[in-house]
Amino acid sequence: MTRREKAQELVESLPDDIGASVDDIEDSLDQLVDEFNVPIEEAVRSTRSKYMGDYDGDGEVTSSGPSSAQDEDVNIGDLTVDHDEEWMNIQGTVQQLFELSEKQTSWISQRGVIGDDTGTTIFTTPKEAVEEDPDLELEKGQTYKLQGVVGDAHRGNIGVKITSTTSGSTLDNAFTPPDNDTHLTGCIVDIQEGSGLIKRCPEDDCTYIVTNGNCQQHGSVEGDFDLRLKTIIDDGEQPHQVFFGREATEVLTGVSLDDAITIAEDAVDTGAVADEMEDMLLGRYYSIAGNKVGEYVIVNEFERVNRDWASEARELLDSFSGTDEVAA
Ligand SMILES: [Zn+2]
């Protein structure tokens with residue numbers, strides 16, 4: 001829908017005696033979108049409330065100055081779930097692009113991690129946004145100023161959504177997000193699907209996992225072996241999705257990539273690697289330092305915690321002593 005059509009639609013939805021012309025409304029939309037970089041949907045909302053707010057019910061429009069609506073500049077590290085559905089501007093360097101599942105590719109063009117000096121977050125770009133503005137297809141390692149992204153809270157985490165009205169421009173600087181913004185200690189309670197020995201598409205910049213010899217984007221490809229673990233670690237308060245990359249997985253399990261390939265070949269099943277790792281890791285305790293990225297903690301450092309169950313049990317019993325009057 002063109003801006004003029006949006007203006008027409010908005011005029012029709014306003015009370016007749018408000019006396020707003022399509023030209024007036026279109027001017028207001030032009031100003032909000034072009035001068036203040038407000039996304040079109042937000043511009044429509046803002047324009048509607050400007051007219052309705054000024055409308056006192058007897059045909060008088062009491063004022064019609066330009067709205068000063070403008071998106072807020074937000075440091076990525078300051079994002080909280082309170083920013084859900086808020087329009088804002090961010091600047092950041094693309095740290096990572098995720099491989100997408102088949103289901104996701106039906107509507108998502110890109111999903112990845114963007115970070116500035118204060119933190120990182122997940123961004124999601126729907127297909128329609130890139131179809132309308134190919135410049136919204138982001139490159140790994142490149143820094144962008146993104147005006148008019150929307151906060152997108154999901155399971156207690158906040159990410160940002162790029163929309164077809166987001167404007168993106170490249171910047172020359174590169175941001176380095178802080179290391180290890182998350183620390184937790186807990187028990188590995190699950191190893192999730194997509195863990196162990198995997199194959200990545202060998203094409204440049206392709207982030208897809210090769211399944212049954214096929215990349216979603218490049219079709220039949222050979223694929224390069226890689227190792228990773230997607231674990232659930234419970235710290236006693238809540239489960240965390242904790243992601244170990246290849247190096248961390250090798251140190252954690254003592255299984256190198258070559259070892260893993262041998263295990264898979266011997267078993268004639270790449271799933272054998274994940275099975276073996278699961279047997280080894282479930283129930284173990286670790287202290288983790290890493291970066292919170294959307295729903296995931298990406299591990300940078302970790303240490304095995306050997307829990308002394310006997311002394312913990314003694315301490316627990318001690319904490320009850322003196323209250324146990326009935327048995328005494
Ligand atoms: Zn590919």
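Guide: Let us begin with E99, which counts as partly exposed at 21% relative accessibility, where buried means under 20% relative accessible area, exposed means over 50%, and partly exposed is what lies in between (1.4 Å probe, protein chains only). What you see is a predicted model, in which local features need pLDDT of at least 70 and side-chain atom pairs count only at pLDDT 80 or more, while totals for chains, interfaces and linings use all residues. Residues are numbered from 1 along each chain as its sequence is written, and side-chain values use heavy atoms, with hydrogens and water left out.

The partner of E99 is R200, and the two form a salt bridge whose closest N and O atoms are 3.8 Å apart; the term stands for a side-chain nitrogen of Lys or Arg within 4 Å of a carboxyl oxygen of Asp or Glu. This pair links distant parts of the chain, since E99 sits in the loop between β2 and α4 (102-105) while R200 belongs to strand β8 (residues 196-200), 101 residues away. Helices (H or I, at least four residues) and strands (E, at least two) are DSSP runs, numbered from the N terminus. R200 is also partly exposed, at 25% relative accessibility. Through salt bridges that share partners, E99, R200, D226 and R228 are joined into one network.

To set this part among others of its kind, a search of the whole structure finds seven salt bridges. One of them joins D30 and R3, with the closest N and O atoms 2.8 Å apart, and it connects helix α2 (residues 22-35), where D30 lies, with helix α1, where R3 lies, across 27 residues of the chain. Both ends of this pair are partly exposed: D30 has a relative accessibility of 25%, and R3 has a relative accessible area of 26%.

A salt bridge also brings together the side chains of R4 and E26, at 2.6 Å from N to O. R4 lies in helix α1 and E26 in helix α2, so this pair ties together parts that are 22 residues apart in sequence. R4 is partly exposed, with a relative accessible area of 34%, whereas E26 is buried, at 17%.

Helix α1 itself (residues 3-13) has A7, L10 and V11 as its buried residues. Seen down the axis of α1, these residues fall within an arc of 100 degrees, so they line one face of the helix; the arc is that of the directions from the helix axis to the C-beta atoms. Helix α6 (residues 246-253) can be read in this way too, with A248, T249, L252 and T253 as its buried residues. Those of α6 lie within an arc of 110 degrees, so they line one face of that helix, while E247 and V251 are exposed on the other side.

Turning to the surface, E72, D73, D82, D84, E85, E86 and D152 gather in a patch of negative charge. A patch is made of residues with over 30% relative accessible area and no salt bridge, with like charges joined within 9 Å and nonpolar side chains (Val, Leu, Ile, Met, Phe, Trp, Tyr) within 5 Å. Lys and Arg count as positive and Asp and Glu as negative, with His and the chain ends not counted, and the place of a charge is taken as NZ of Lys, CZ of Arg, CG of Asp or CD of Glu. The phi of E85 is near 65 degrees, a positive value in a residue other than glycine.

A nonpolar patch on the surface is formed by L316, L317 and F320, with about 340 Å² of accessible area together, areas being computed by the Shrake-Rupley method with a 1.4 Å probe and, for residues, with only the protein chains shown counted as cover. L316 lies in helix α9 (residues 309-320) and is exposed at 52% relative accessibility. By contrast, G290 in strand β13 (residues 285-293) is buried, with a relative accessible area of 0%.
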